Amino acid sequence: MEGLGQHQVDRGVAVIAGALTELDEVSLIGLDQTATAASLVEIAAAEARLGELKHRVLAHASSVRVEEATGAATTATWLARATRTTVRSSRRAVHLATTLETYARLREGYAAGRVITEQAEVIARALDALPVDVPATVRAAAEQRLVELAAHHDACDLRVLGDRVLDVVAPAVADAHEAARLEAEERAAARKTMLTMTPDGQGSVHGRFTVPELHAGMLRKQLLALVVHDKPSLTTSPATPATTGEQEQGERPEPVRAATAVELGAALCELLERLDGSQVPEMSTGATVVVTMTLDTLTGGLAAATLDTGDRVAAHTARRLACEAGIIPVVLSGRREVLDVGRRKRLFTRAQRIALATRDRGCTAAGCHTAAWFCHAHHDQPWATGGTTDLTNGRLLCPTHHRTAHDPRYDTRVLADHQIEFTLRC
């Protein structure tokens, strides 16, 4: 057994320290531009390789409980005191050290200097965030892909790429994962949705609301449309446009500012005044929001859809909006070719809605007594799969049961009396 200080790691660290000592007072005069650039790149790679060694030794330190010698509570708190670093950064280092024992490809890239420390941290977080049920082969492919991307992307880029890595290595798994995540987020957002309106007794009403991102985007677009209509120079961001060649020399462009809370409040009042109630029975969203989806999503696939606000919604929500809401659905093929740009072409006419209200008298979900004027018109057989927009294929459903009808967690059964019931799938 080797004596104290004779381990290969100790000898190697001593050699590194000695080499650095030799460079302490070396003059940089004569190091030209090309050599300087090359040295900095090599130093960064050497830092990465030394970083991997540090984290490998740190993982070992946790296994031998190095903190016991000083009575420290954890390896991280011992490291913080011994190396004069913060506890926060020491905890992050211990976490990365532990993670690297799991991800061999990441550790190899780190040890070779192809991955630097901040990249390694981002890649490790991305891999840890993958669904627990992802097959080992898919997880390995994601790890390999991110390590390869580290050669051309910094940590910020890798953070974004890591969030979408399943789209590249396993698109079907990515779609299912995102579908489940978006469904959970939308259900949580629906539970948190609220509106309070409290009069202050002095002619004003104070309110507060929480709504899903989808509906916030609809409201924001309508309010900004009203504000910008009255103030054409206003924009949604505080950016100032660049000077164009048409401007006189020395002329400054007019400053462009963001909408204020007062202007948005006035726009909300104007929006309410513009509502004549004609669309209330239809219960549509009433906002010109574009939802882009693939044909596969429209016909039952899992891939999420994208709103023109930048938000993404679950596939079943996109299908519900295309079925009922006053939005513009844009349907793409697998090659991103536009197949259909619809504008209320799937909707029941007002006369048909009146006939449905007369026949159904309200929501047709078993046990629901919501009045007809508050209901949506729903296709029993979805329009996207060949269902017709006529009375024999239509029924009234309240907003809650309309969402349930498009929720993939439920089976639907039509009863003898034209009512329908929903059963949660096992």
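Biologist: How does Arg187 count in terms of relative accessibility?

Modeller: A residue is buried under 20% relative accessible area, exposed over 50% and partly exposed in between (1.4 Å probe, protein chains only). Arg187 counts as partly exposed because its relative accessibility is 28%. This is a predicted model, in which local features need pLDDT of at least 70 and side-chain atom pairs count only at pLDDT 80 or more, whereas totals for chains, interfaces and linings use all residues. Residues are numbered from 1 along each chain as its sequence is written, and side-chain values use heavy atoms, with hydrogens and water left out.

Biologist: Which side chain meets that of Arg187 in a salt bridge?

Modeller: A salt bridge requires a side-chain nitrogen of Lys or Arg within 4 Å of a carboxyl oxygen of Asp or Glu. Arg187 pairs in this way with Glu183, at 3.9 Å from N to O. Both belong to helix α10, four residues apart, so about one helical turn separates them. Helices here are DSSP runs (H or I, at least four residues), numbered from the N terminus. Glu183, at 12% relative accessibility, counts as buried.

Biologist: How many salt bridges does a search of the whole structure find?

Modeller: The search finds 13. One of them links Arg164 to Asp167, with the closest N and O atoms 2.7 Å apart. Arg164 is partly exposed at 33% relative accessibility, and Asp167 is partly exposed at 31%.

Biologist: Which residues of helix α3 are buried?

Modeller: In α3, which spans residues 75-83, the buried residues are Thr75, Ala76, Leu79 and Ala80. Viewed down the axis of α3, they fall within an arc of 135 degrees (judged by the directions from the helix axis to the C-beta atoms), so they line one face of the helix. These buried residues pack against α2 (33-63) and α4, where contact means heavy atoms within 4.5 Å.

Biologist: Which residues have the most contacts inside the largest nonpolar core?

Modeller: A nonpolar core joins buried Ala, Val, Leu, Ile, Met, Phe, Trp, Tyr and Cys residues through side-chain atoms within 4.5 Å. The largest has 27 residues, and those with the most contacts inside it are Leu106, Val115, Ile123, Leu127 and Leu146. Helix α6 supplies the largest share, six residues. Beyond its neighbours within four places in sequence, Leu146 is in contact with residues including Ile123, Leu127 and Leu158. A second, separate core has 13 residues, among them Phe348 and Cys368.

Conventions: Helices (H or I, at least four residues) and strands (E, at least two) are DSSP runs, numbered from the N terminus.
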